[in-house]
Structures are given as structure tokens and as C-alpha cells.
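Subject: Structure for your study

Dear colleague,

Please find below the structure that I was asked to pass on to you.

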Amino acid sequence: MSFLLFLSILLCAPAATPPESSCSGDEARAKMADALYRDDDFRGYVCEGKKCSLDEFRAGVEYHQETLRAKPEVLGCFVEPVNKATSLPTGFFMLKHAEPELQFIFVGIGLGPMPDHRVVNGYEVLVGSERTDPGTWSDSYYVWNGKAYVLRNTKTRGERQAEVTRASR
Amino acid sequence: MLLSPPFVLPPLASESTDQHLERVMTVGAPGSGSFPVSFEMNWHGGVHLTAPPDGKGRAPVRAIADATVAFVRKPTARSSDPKHPLNYRSGWTDDGCVVLKHETAIGADPQSGAPTTVVFFSVYLHLAAVSALKSGDLVYRKDALGAAGSIYGTVNQLHLEIVCDDANVKALTGRQSTHSAVTANGRADAIYGSIWFFCPFGTSFYQAAPQAGKPLPPVAFTNSAEAFLFKMTFVGGDAEFATFHVDGNPIGQPVVAPNYGYGLVRNATTRYPKSPSAGVELLRFGRVVGTDPLSPANAPNWAEVPLATGTGWVDLNAPGIHRFSDADFPSWDGNFRHGWVLVDAASSPDSRSKDPEIIRLLDLNQDSKLTPREAQQQLNDPAVQGALRHKICKFPTEWDASTIDTRFAWMKTELQPKPRPAEYQAFHDHAAALCFWQGAQPGIDGVHWHFHPREFVRHFQKCLWLSDNELAQCIPKKQLQLSGTAFSAVTIAKYATAHQHASQWSLAVNRSLRKYLIAETRARLAHWFAQVFAESGFLHWVTELGGANASYAPYYGRGLIQLTHSGGYKTYGDYRGFPATNPSTNPTFSAIGWDPDALIAASNTAFNADNCVDTASFFWSTHTTPNGQARSDAGTTQADAFGLSQYVNGFFPPQVVNGLDARLETFIYLKYVLLDDIRAAATERLTFVWRRNTKQEPVFLPNGAPDINPKTGKQRMKFFPTTWTIDVPLDPQRP
């Protein structure tokens with residue numbers, strides 16, 4: 001009986017509200033959506049080149065969060081369209097004092113921390129991948145320079161492979 | 001099989017596909033070149049068509065499909081000698097002739113994948129001019145063969161005939177019996193056109209759509225006295241359901257299921273959540289023909305169908321209901337209106353039809369004695385003409401000089417008054433002058449099967465299963481490609497490479513295009529190929545090179561339109577019902593529970609072709625609304641091709657769309673391969689807005705100062721648009 005009571009309480013409990021200092025917070029999401037709605041290309045992608053309201057735009061994007069630095073914790077929010085074509089915009093925000101601040105918009109297949117979670121200047125290196133033609137992929141690396149994430153370099157994977165090959169000789 | 005009429009003209013804006021076909025294939029009046037018999041009941045194995053005006057004169061005669069030239073005869077120079085054998089009856093008859101042998105595919109065995117190949121011949125006679133052709137030459141659909149000529153003094157005429165042998169009538173129609181069998185499902189080695197359901201008597205029809213887990217709604221009707229037939233036809237994005245008595249008379253008014261086709265995957269995902277992919281096949285074909293299992297195997301397929309009064313809901317997947325398609329050349333029984341009937345009159349060497357199937361149609365008073373008057377009256381009846389057009393008849397060819405006396409022996413014994421010897425000789429000489437069969441040696445017996453040519457074209461235009469050769473032709477030889485700030489020509493593929501790719505991919509491509517209703521129209525095919533070729537480098541790239549370092553690794557690109565991101569993989573795996581792998585043995589893909597290296601592609605040489613194509617068609621069907629099929633139906637203009645480019649590569653301004661040059665150029669090229677556009681020049685001019693440089697360029701402010709991003713301190717970069725005009729190469733892909 002007591003177990004059933006516990007279960008019913010659990011089921012009736014409201015879902016935990018995400019902290020406002022995360023990418024899940026309603027206020028943060030609204031601010032990020034507002035910022036991206038103002039970008040012609042991002043809005044054009046989500047709205048398929050047609051006019052659409054901010055509410056429609058908000059319904060067309062999704063958010064995910066990454067930890068850019070562990071201590072003290074710095075969070076990054078990555079905002080992408082729900083409908084993913086083979087190339088898509090990703091809005092990258094850093095949360096500063098719970099305020100999302102747009103760093104840049106990357107257009108490509110995707111943007112995020114490197115799979116091996118490489119760190120430069122205490123922050124995760126971000127890699128944005130793009131396919132400019134069927135056989136050419138390129139990766140753009142963004143590093144924290146103490147003030148902002150800046151593009152360190154862009155290399156095609158062919159170039160990178162050639163570098164690896166040269167280095168191994 | 002890609003087929004076109006022998007006269008190719010663009011459709012008028014207001015014209016339906018059927019109306020267009022009727023206009024470009026105007027068949028002679030009954031008794032004057034109609035199929036399969038004349039007023040005198042002589043077998044006539046083809047139809048006489050009048051070449052339509054094309055703005056410059058009369059449309060040339062063109063090959064209806066890719067072929068090898070089996071026979072060519074240049075026309076005899078016109079003579080004014082009244083005794084010339086070609087001056088017979090009311091005037092000159094041209095004897096220019098081309099015979100083409102077509103070998104193509106209409107499907108494949110679902111288990112073995114062996115292609116369902118078919119061989120048939122098209123005969124073009126009474127040509128006044130013949131192109132420079134010789135036996136053994138390869139010709140391609142829409143190639144000009146010559147000019148229509150005269151028949152008994154009437155100009156601009158073409159006798160077109162389509163014939164095949166016993167083995168190929170079975171391959172083409174799926175049977176050798178007179179009528180379709182209804183005791184089991186129809187053929188699965190070819191499925192196209194409408195889907196048919198044979199519903200035995202005693203089936204219940206409900207008043208509303210039954211819901212899972214709820215009591216069945218009240219029964220509206222039970223067909224206790226007779227079997228019914230249902231026909232499901234895809235019309236644009238909808239499906240139309242019609243009900244028939246087995247004699248072909250309709251029951252009630254057709255019911256339209258809106259968005260049935262465009263929403264196929266979404267509907268299947270809702271209705272068959274445990275097996276959406278198999279659900280797509282159930283809704284599309286009426287049965288599951290692929291390898292994905294339906295769960296549960298007896299899942300119902302409720303459809304609203306017309307009844308005599310109102311409509312009812314019936315489970316089209318119920319035991320006892322058998323499923324067919326137009327590929328079965330349905331006839332159901334001898335009375336089914338416009339049903340396809342095989343008429344085997346091979347045993348009679350007579351030029352006249354005495355076949356009971358034909359006689360029954362024409363014998364007005366059904367006294368088993370067909371009079372000339374009855375024949376003439378009935379052959380003018382549109383309903384009878386409709387029935388005759390759907391007879392597939394086996395009888396001796398009209399064009400074998402060695403059988404003339406045998407075939408027309410009756411003239412000397414039965415004709416009243418009997419022809420004088422000179423009259424018969426003049427007839428014989430005329431008939432012999434037009435014969436070619438012995439010289440042609442096309443490789444089939446002189447007694448063979450004949451189809452009504454226009455109905456054959458109409459019927460097989462629904463079958464867009466591509467042979468390896470047809471698919472190879474879809475890959476261009478060369479294109480112009482932007483490099484830096486200039487376009488230059490690049491080789492895409494020589495024929496050997498194109499054919500190799502086609503052989504490797506055709507089964508998977510055809511299966512997928514048929515499943516997702518992309519192979520319903522040639523415009524849908526052209527749009528799909530233009531985008532998939534641009535995405536895959538013409539069927540080369542199926543994995544993302546070096547993707548292991550991408551932020552979304554290990555869920556990097558796989559497939560012809562590449563799946564990426566774990567969410568994309570998860571959605572697709574759920575759709576396909578891929579079996580879960582043990583996370584402990586395959587921890588790399590624990591987030592999705594299946595192994596995309598094994599099930600889609602591990603490399604560009606180790607891949608599952610079916611699944612690589614399926615990812616592309618799944619994306620095409622579901623990415624956004626309207627989906628790829630709906631967007632393809634909008635048209636075949638450059639703007640439509642650009643719209644599909646945005647659909648696939650992202651709704652960006654043109655300069656941001658990657659590979660826009662290849663996407664648009666491929667589409668333009670494919671119009672000449674897949675659609676009925678006639679190649680008039682070696683190139684087609686394309687003017688379009690795209691990036692002016694393949695690399696992003698620095699941005700400057702209006703005052704000329706660099707536009708610096710205050711956060712990064714670096715100058716902003718972007719693609720700048722410009723208007724390009726290029727001449728797209730149309731060089732056909734040929735051996």
C-alpha cells in the first residue's frame with residue numbers, strides 16, 4: 001500500500017523545472033530563439049524561406065547543452081533546427097551569469113565539442129564540420145582565446161590526413 | 001522500363017497524361033488500321049497513327065524505348081506506275097520500315113533480386129524516310145527513326161506494332177492463361193500502377209474505422225452474394241479507392257484518401273508503430289514484399305471503400321483477400337470491362353480471326369454467327385473498342401510473305417464474288433511488297449503475341465523500374481564545376497563506370513523508389529536522382545570520410561543522403577526496426593542500440609546498398625512537409641529544382657547551398673534522359689544565382705573598412721552571390 005502511495009505521489013509530482021542557468025530554461029531559450037530569429041539565414045532556414053512568426057520559429061528549433069569548462073562550470077548552448085537538412089545552421093551561445101550570449105552561427109553538418117574533448121585555454125575545443133561537395137569534408141576548429149571562441153583554422157579532411165601522413169614519416 | 005510514344009510532343013497545360021497520349025497517338029478509325037481486327041475480321045497486329053503537327057511540319061517517328069535495331073528497310077522511291085505493287089487500292093503506300101528489339105527490366109524477384117527482364121519488338125512501317133540506321137545499331141528512346149509516310153494515298157501515317165514471344169508475354173503480363181487467377185496474390189517480381197484487392201464474398205464492411213483495443217463498429221454491409229474488387233490508385237499525393245463487381249461494373253463513387261501518398265511514412269508510423277517500414281509496404285502495395293517484417297504479421301489495413309450506398313471500412317490485410325497490381329494485367333473474368341485478356345489464335349493459319357473471345361464481343365445477337373454487318377457495327381462501338389484494345393493476341397504476323405497464300409486461302413474459296421487471278425495476284429504482290437519478316441529474322445517466331453501499341457505505352461508508362469542501362473544513362477558524362485571563381489569541365493563518369501555503378505545500385509534504387517512512391521512519375525525520379533547524385537557524388541560516397549573526429553561522431557554520415565547525428569540514427573533505426581545489438585559487445589553505438597557500420601555503411605566499399613538508398617528515400621519522404629514527393633510534383637522548372645536543392649541541403653540563400661551547380665546541372669541533364677524533352681543541342685544554357693567563389697570571402701563595410709567581429713577580432717567571411725550563365729553539357733551517356 002505504501003509503495004502504491006509513493007508511486008502515485010511520484011507520478012503526480014510536477015516535472016522538475018530546469019534551472020534558469022541551463023539551456024533548458026524557458027527564459028534562456030526565449031532569448032536564444034530571439035537572437036537567432038534576427039539572423040536572416042537562420043530564420044530563413046527554419047521558416048523555409050518564408051515569413052514566419054517568432055512562435056513558429058521557436059517551435060522549429062531545439063537546444064542541447066555542453067559543458068565547456070568543468071570548474072568553474074561554463075555551459076554552452078547549441079541551438080539547431082528540428083528539421084535537419086544535409087547542411088544546417090547551429091547557433092552557439094555561452095551562458096554568462098545565466099545570460100545566453102551568442103558567439104557565432106556555424107553552417108554545416110554540425111558543431112560541438114570534439115569527441116576526445118580536447119581542451120585549449122581551459123575550454124573545450126569546438127569542431128564544426130561541413131561538406132562543401134560530395135567528397136570534401138572540412139573541419140573548423142574554434143578555441144577559447146580568453147574572451148571569446150575564435151576560429152583557429154579550417155582544414156579539409158584530405159589536408160589533415162596529408163599532415164598526419166607527413167608527420168608519421 | 002522507360003517508354004514514350006512514337007511521336008513526342010510536349011503536353012498542353014490543360015492536358016491530362018491520358019489526353020496527351022490520345023493526342024500524340026491518334027489511332028485510325030475502326031476498320032482502317034485499328035487493333036486487332038479489320039471490318040473483314042482480318043487480324044491487324046498494330047495500329048495506324050497519324051503523325052501530329054509539331055510546329056515545323058509533322059512530328060518525326062521516334063523510338064519508343066532503348067533498343068537494338070533488328071531490321072531497316074529504306075522506303076521504295078515513289079512510282080506513278082499504277083501497276084507498281086505499292087500503288088494499290090486508293091494510292092501509294094510507303095514501305096520504309098524499322099524493327100527495334102527492346103530488352104529492359106520491369107522488376108525483380110523479391111527474394112533473389114534477379115531482374116524481371118522482358119524482350120519485345122516495336123515495328124514502324126510505312127515510313128516515307130528512314131534515318132541512317134543499320135541492323136545492330138543501338139538506338140535510344142526518343143531517337144528519330146524517320147518520317148511517317150503514306151498508306152493507300154493517305155499521308156503522315158505510321159503502322160506501329162508491338163510484339164513478343166511466348167516467354168516474354170509471360171514476363172510482361174505475369175501469366176500465360178487467358179484471365180488472371182484470383183486464388184493467390186499476384187506477381188511480386190513486378191508491381192506498378194494501381195493496386196488491386198480481390199475480396200471474397202462474406203467480407204464485413206464496418207461503418208467506421210475500427211480502433212485497436214476497442215470493440216468493432218457496427219457492420220454496414222456484408223457482400224454475401226458476390227466477390228468484390230477494390231482498386232487503389234495513387235493520384236498526386238492522395239489515393240483513390242474504387243469498388244467493382246467482378247464483371248468490372250463500378251460500385252458507388254470512388255473514395256479519396258487525402259494525403260495517403262505524401263503521408264505514407266507518417267501514416268505507417270502512426271498505424272504500425274512496431275514496424276513502420278513494413279507498414280509503408282502494407283499501405284503502398286497492400287502486402288509486404290520487402291524484408292522488414294510486419295508486427296504483428298496480421299496487422300489490419302483498414303481502408304474506406306465505396307459501397308452501393310455510402311462507404312464501408314474493410315481490412316485489406318484480412319485472410320482471403322488477395323492483392324495484385326497493374327503488373328498482373330488484371331482481367332478477373334471474361335466480362336471484366338477493359339480487363340486484359342490473352343487471346344491465343346496461334347493454331348489457325350487464317351488471316352481472319354475466328355477466336356471465340358473476339359467473336360463473342362462482336363456477335364451482336366449472340367447467335368454464334370458473326371455477320372459483316374454485326375462486325376462493322378460492333379467495331380464502331382466505343383465499349384467494344386475498349387475491350388479489344390485490351391486483348392493481347394497471338395496470331396501469324398501480317399509481314400511474312402511465305403504465308404500469304406495460306407493466310408488468304410479463304411479469299412479464293414469464300415469471298416463472293418471470287419477474285420479473278422489477276423486481282424488476287426495484285427493483292428498478293430502488294431502484300432508481299434510490304435512484308436519483311438523473312439529478311440528481318442528478328443529472332444522470334446512469325447506467330448507471336450501482339451499488343452495494342454497505345455495501350456502498351458499507356459500501361460508500361462506506369463512502370464518506372466529502371467534497367468541497368470537506363471540507370472547508367474542517368475549519370476552524366478561531364479559537368480561544369482565551379483573552382484575558385486571560374487567554371488571548368490570535369491568528367492563525371494565514362495560509360496563503363498556509369499554502368500558499373502548502375503549494376504551495383506539498380507536493384508536497391510528501384511526497390512526503394514517503388515516503395516516510397518517516387519517511381520510514380522518521371523518528374524519525381526528526376527528530382528530524386530538530381531539531389532541524390534549531388535549528395536553522393538554519383539553513387540560513390542556512402543560514408544563521411546574522416547567522420548570519426550566530427551562532433552557528432554560516431555553518428556557521422558552514412559547512406560546516399562547521409563544520416564547524421566544520434567537523433568537521426570535513432571529515428572531511422574526505430575522506423576526500420578533494426579535489431580538491437582548487445583551494448584557490451586558494441587558499446588560504440590549504445591545510444592541507438594544497433595550497428596550502422598554493419599547495417600548501413602562501414603566504408604565506401606563495404607555497405608548495404610538497400611539500406612543506403614532507403615535512408616535517402618526516408619529522408620526524402622519525411623524531412624519536412626511538403627515532402628520530396630510533393631515538392632517534385634510542383635513541376636520541372638529550374639525553380640522547382642532549386643526548391644528541392646534547398647529541401648535537401650537546407651533552406652539557405654542560393655549562394656549558401658552547397659553543390660548547387662551539380663544539383664541544377666544534373667536535373668537539366670536528367671530531363672533529357674527521364675522526361676520527354678528532346679535534345680536539340682549539345683548544351684542547355686543555365687542562368688542561376690550562386691556563390692561567386694568556392695571559398696568564403698572577407699566582408700567589408702560600406703565605407704570599405706573590414707567588417708570585424710567584435711567578439712573574435714577577426715574579419716567576417718561569407719559567400720557572395722553572383723549570377724552565373726553556363727552551358728550545361730548534355731552529352732548522352734552511351735557505350
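Predicted model: local features only at pLDDT ≥ 70, side-chain atom pairs only at ≥ 80, totals over all residues.

Residues are numbered from 1 along each chain as its sequence is written, while chains are lettered from A and ligands numbered from 1 in the order in which they are written. Helices (H or I, at least four residues) and strands (E, at least two) are DSSP runs, numbered from the N terminus.

The sheet in chain A

Strands of a sheet pair through backbone hydrogen bonds, either parallel or antiparallel. Two strands are said to pair if DSSP finds at least two bridges between them. In chain A, 4 strands make an open sheet with the order E5-E8-E9-E10, and their pairing is antiparallel. Its edges are strand E5 (110-113) and strand E10 (149-156) of chain A, each of which pairs on one side only. From one strand to the next, the twist averages 25 degrees; axes are lines fitted to C-alpha atoms, for helices over the stretch in contact, and angles run from 0 to 180 degrees between N-to-C directions.

Strand E9 (residues 136-144) of chain A is joined to E10(A) by 7 bridges, and the two run antiparallel. Opposite A:Ser140 stands A:Thr154 in E10(A). Helix H5 (residues 157-168) of chain A lies across E9 and E10 of chain A, at about 80 degrees to E10(A).

Where the chains meet

Residues are in contact if their C-beta atoms, placed from the backbone, lie within 7 Å. How many residues does each chain bring to the contact? Chain A gives 34 residues and chain B gives 33 residues. On the side of chain A that touches chain B, the elements that each supply at least two residues are helix H3 (40-46), strand E4 (99-108), E5, strand E8 (126-133), E9, E10 and H5 of chain A. E8(A) gives the most to this side, with 5 residues. Sorted by class, the side of chain A that touches chain B has 15 nonpolar, 12 polar and 7 charged residues. Here Ala, Val, Leu, Ile, Met, Phe, Trp, Tyr, Cys and Pro count as nonpolar, Asp, Glu, Lys and Arg as charged, and the others, Gly among them, as polar.

A strand of chain B and its partners

Strand E14 (residues 228-235) of chain B is largely enclosed by the rest of the structure, because 6 of its 8 residues are buried. A residue is buried if 20 or more other C-beta atoms lie within 10 Å of its own, exposed if 12 or fewer, and partly exposed in between, with C-beta atoms placed from the backbone. Strand E11 (residues 195-199) of chain B is joined to E14(B) by 5 bridges and runs antiparallel to it; B:Phe198 has B:Leu229 in E14(B) as its bridge partner. Strand E15 (residues 238-245) of chain B also runs antiparallel to E14(B), with 8 bridges joining them, and B:Met232 stands opposite B:Phe241 in E15(B). The hairpin of E14(B) and E15(B) has 2 residues between the strands, and B:Gly236 takes a positive phi near 60 degrees there.

Helices around H21 of chain B

The axes of helix H20 (residues 638-649) and helix H21 (residues 660-674) of chain B come within 10 Å and cross at roughly 135 degrees. H20(B) and H21(B) are therefore oblique to each other; angles under 35 degrees count as roughly parallel, over 145 as roughly antiparallel, 65 to 115 as roughly perpendicular and the rest as oblique. Among the residues of H20(B) that meet H21(B) is B:Phe642, and B:Phe667 is among those of H21(B). This contact of H20(B) with H21(B) divides into 5 nonpolar, 2 polar and 1 charged residues.

The axes of helix H15 (residues 522-536) of chain B and H21(B) come within 8 Å and cross at roughly 145 degrees.

Backbone details

A cis peptide bond joins A:Lys71 and A:Pro72, with omega about -15 degrees. The bond from B:Phe35 to B:Pro36 is also cis, and its omega is near 0 degrees. A:His117 is not a glycine, yet has a positive phi of about 50 degrees; A:His117 is exposed, with 10 other C-beta atoms within 10 Å.

Key. Contact = placed C-beta atoms within 7 Å.
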